Amino acid sequence: MPVDIASDVPGNQTLLTREARHGPGLWQADVAFVRGEGVRLWDADGREYLDCMAGIAVASLGHAHPRLTAALTAQAQRLIVCPQNLCNDVRVAFLEALVARMPVGLGRVFLCNSGAEANEAALKWARVATGRRRVVAATRGFAGRTIGALSLTWEPAYRAPFEPLPYPVDFVPFNDQAALEAAVDDETAVVWLEPIQGEGGVHVADPGYLRHARDVADQHGAVLAIDEIQTGVARTGRFLALEHAGVVPDMVTLAKGLAGGVPIGALVMTEEVAAAMPKGGHGTTFGGNPLAAAAGLAVLEEIEASGLIEHAERMGARLRAGLEGLVGRRVRGVRGLGLMLGLVFDEPVAPIVEALREAGLLVVNAGSHVVRFVPPLVIGPADVDEVIARVERALTDAS
Ligand SMILES: *Cc1c(COP(=O)(O)O)cnc(C)c1O
């Protein structure tokens, strides 16, 4: 497909040098992306890539999706600013569409602007709903980088420079029912789990583990919070990954794919939890703004109109089968659900992620030994086959 990148867009090297000068110095990028369409991206030198990173499960409808761009354009022309203490028509429609997708009983939503913000909100609501502070969370878990969310994030490299962190958290081994039962007591405010640990290496929670967590939380009057920031919004072939287990928590947090790339976060909770917060006890300037609400509504409508939940399940099965065909000398296995898959290696994957990019495939690591595939939900069968072909080629060339 020919790409019309305006001639005044500088090339990769120029952009990288200029950005490196003023960025915070946290990353070492070596490519600049300037345009996207569907599951494809183009860099500043006009090279095409298949995007199986999608901003880490963010571009749920792919790039430049007609429904999403039309909704954003129309909303930008109509109204961008309307704070949450004032009512807005698009926000109302979005809230109704979102709650309609939630398990029965989860009918209250606090809208914010990122995953970490949604988790910060969850910590505050859990605190007032229980009158307790202690959290039980899982090793390898990830909840974000702000100070409160970082308390729930296990990775020592992320935590160490900032300790002591404000929340007392007991980390228990993931998928270990006995360890969870031993850690939760009558001082526990919240049991905190991801249905699939994304950053932690694409580890899937056993359905029985999540159901047991529900029981344990109930026995001790604790709140069960499920972080679906990466797994939610049709990613795993269900609207929420917790549907695989049939568990109904007290709180669910969403963010990444919810508005197709427009910054958003959502804490969805029960009436009982929501009611515990005093009037004015929490808030945020940009949360629930009409632009993000319009984007979120467009994503939910497109999921419905195009059957993207079933599509994600089918394409996930196809991608999984292809990746399983690569299991052998270097590849140890495949983990995950739907379109959230991890290809597990016997070696550190940083050089593999780079080799894949050179083969025209954008992916992201999940921990040190896993390559993560979280493509746009709209990925088609021919694209999936092309992804597998590119992985195969890169692994053959690199061995
Ligand atoms: C990405 C992520 C977060 C943090 O979201 P941000 O928008 O980066 O703050 C929290 N929890 C999980 C499971 C995530 O994948």
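A search of the whole structure finds 22 salt bridges. A salt bridge here is a side-chain nitrogen of Lys or Arg within 4 Å of a carboxyl oxygen of Asp or Glu. The model is predicted: local features need pLDDT of at least 70, side-chain atom pairs count only at pLDDT 80 or more, and totals for chains, interfaces and linings use all residues. Residues are numbered from 1 along each chain as its sequence is written, and side-chain values use heavy atoms, with hydrogens and water left out.

| Pair | Closest N and O atoms |
|---|---|
| Glu304 and Arg101 | 2.6 Å |
| Asp185 and Arg134 | 3.0 Å |
| Arg318 and Asp385 | 2.8 Å |

Glu304 forms a salt bridge with Arg101. Glu304 sits in helix α11 (residues 290-305) and Arg101 in the loop between α4 (89-100) and β4 (106-112), so the pair ties together parts 203 residues apart in sequence. Helices (H or I, at least four residues) and strands (E, at least two) are DSSP runs, numbered from the N terminus. Glu304 is exposed, at 55% relative accessible area. Arg101 is partly exposed, at 25%. Buried means under 20% relative accessible area, exposed over 50%, and partly exposed in between (1.4 Å probe, protein chains only).

Asp185 pairs with Arg134 in a salt bridge. Asp185 lies in the loop between α8 (177-183) and β7 (188-193), and Arg134 in strand β5 (residues 134-138), 51 residues apart. Asp185 is partly exposed at 29% relative accessibility. Arg134 is buried at 17%.

Arg318 forms a salt bridge with Asp385. The pair links helix α12 (residues 308-324) with helix α14 (residues 381-398), 67 residues apart. Arg318 is partly exposed at 37% relative accessibility, and Asp385 is partly exposed at 35%.

Salt bridges with shared partners also join Arg40, Glu48, Asp383, Glu386 and Arg390 into one network.
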